[in-house]
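This report describes one protein model from its computed geometry.

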Amino acid sequence: MNLLLTRNLSKVALAALVVLLAGCQGGVLDPKGQIGVQEKELIITATVLMLLVVVPVIFMTLYFAWKYREGRGEAYEPKWSHSTKIETVVWVIPIIIIVILGVITYKSTHALNPYKPIESDEEPVTVEVVSLNWKWLFIYPDLGIATVNELAFPANVPVNFKITSAGTMNSFFIPQLGSQIYSMAGMETKLHLIADEPGTFKGISANYSGHGFTGMQFEAIATPTREDFQTWVENVKASGEALTTERYEELLEPTEYHPVEYFGSVKDGLYFDIIWEYMGDMGRIDFYGKPEYGAELPEGVILPQRERTSTSHEAEEASH
């Protein structure tokens, strides 16, 4: 009976292990890019360091429960309250682990800064990303094309993402390539990724944004060579459709599980127009005083001048 029970438990444990390992495929534990690999190493290192405390505590809990069970005849000391050795262990070891984790976190935070460009001899590809309800718009400003729910770039070439939102706050995430970062209306965030091998990777929204959130997915295609990427670009240009202001307004309408769309041409400055639409009075900020990583004013674009309304306090001072 015991042998049969042991065999059944072994089968259940093996099946559970297979299911857990299968879940690693295609996620953050199956990285295909330089940033993703470093993040995986960070996750594993942090987990192992924390398990140095968790595992012994679980083991000692079970051991003490067995050792001091009723009928064992162990010493009964109801007035015992202190042990220097125990206090030393329970304080020193966690402090050492926390210090180690702190150093690792500090270094990795700077090394994996999403705003930090990836060093490479290859010229990067720039993509402007706009999150819509519930789809992703990708604009290639240097190529004059745009796509919906499909992203492409050459393998082993850095990709510089400029990200904003046309409404609801969202989160841009390609798990196998690395870092996720938020998209917010009237703001620009940045992300730098690279694929170390060709393939098609799943992109998702990592931030709940309404009932169409589950279908807000896209394919990120890393082509084997730049020539293959150029072929993809030519196919997009051959679509013939232009992404004008009117066509963009149509895309703004909420849709679920939106199909892939290609645009062979894009209105100049469309990405900046989207940011400007939600900036309001903040649009008067002097662009020369912005942070170095802030949104760049496209060449030839002139900010509209807005009359500044005096506050009641300023009007009162002027009257004096």
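Strands S1 and S2 are joined by a hairpin of two residues. The model is predicted, and local features need pLDDT of at least 70, side-chain atom pairs count only at pLDDT 80 or more, and totals for chains, interfaces and linings use all residues. Residues are numbered from 1 along each chain as its sequence is written, and side-chain values use heavy atoms, with hydrogens and water left out.

Helices (H or I, at least four residues) and strands (E, at least two) are DSSP runs, numbered from the N terminus. Two strands pair if DSSP finds at least two bridges between them. Strands of a sheet pair through backbone hydrogen bonds, either parallel or antiparallel.

**S1 and its partners**

S1 (residues 125–132) and S2 (residues 135–140) pair in the antiparallel sense over five bridges, and Leu-132 stands opposite Lys-135 in S2. Trp-134 is found in the loop between S1 and S2. A cis peptide bond with omega of about -10° joins Asn-133 and Trp-134.

S1 also runs parallel to strand S5 (residues 159–165), to which seven bridges join it. One of the bridge partners is Phe-161 in S5, paired with Val-127. Phe-161 has a bridge partner in S8 as well, namely Leu-191; S5 and S8 pair in the antiparallel sense over five bridges.

Burial is defined by relative accessible area: buried means under 20%, exposed over 50%, and partly exposed in between (1.4 Å probe, protein chains only). Eight of the eight residues of S1 are buried, so the strand is largely enclosed by the rest of the structure. Val-125, Val-127, Val-129 and Ser-131 point one way from S1, while Thr-126, Glu-128, Val-130 and Leu-132 point the other way. Strand S8 (residues 189–193) is mostly covered, with five of its five residues buried. On S8, Thr-189, Leu-191 and Leu-193 point one way, and Lys-190 and His-192 the other way.

**The five-stranded sheet**

Five strands form an open sheet in the order S4-S10-S9-S6-S7, with mixed pairing. The edge strands, each pairing on one side only, are S4 (150–154) and S7 (178–183). Neighbouring strands of this sheet are turned by 20° against each other on average, direction ignored. S6 (residues 170–174) and S7 pair in the antiparallel sense over four bridges, and the bridge partner of Ser-171 in S7 is Tyr-182.

Helix H4 (residues 226–237) packs on the sheet, touching S4 and S10 (217–223), and its direction makes about 145° with that of S4. Axes here are lines fitted to C-alpha atoms, for helices over the stretch in contact, and angles run from 0 to 180 degrees between N-to-C directions. Contact means heavy atoms within 4.5 Å.

Lys-202 sits in strand S9 (residues 199–205). Lys-202 touches Phe-173, Ile-174, Pro-175, Gln-217 and Phe-218, not counting residues up to four places away in sequence.

**Accessibility of selected residues**

| Residue | Relative accessibility | Class |
|---|---|---|
| Asn-149 | 4% | buried |
| Asn-156 | 41% | partly exposed |
| Lys-202 | 49% | partly exposed |

Asn-149 lies in the loop between strand S3 (145–148) and S4. The phi angle of Asn-149 is near 60°, a positive value in a residue other than glycine. Asn-156, in the loop between S4 and S5, also has a positive phi, near 65°.

**The largest pocket**

A pocket is an open set of points on a 1 Å grid over the protein atoms alone, where a 1.4 Å probe fits, with protein on both sides within 12 Å along at least five of seven lines; lining residues have an atom within 4 Å of a point. The largest pocket has a volume of about 580 Å³. Of its 19 lining residues, the closest to the centre are Met-60, Phe-64, Trp-80, Ile-86 and Val-90. Helices H2 (34–67) and H3 (84–111) each supply at least two residues of the lining, and H2 gives the most, with seven residues.

**The chain as a whole**

The protein chain has seven helices and 13 strands. Of its 320 residues, 34% count as buried.

How values were computed: Grid points are joined across faces, edges and corners, and a volume is the space filled by probe spheres set on the points.
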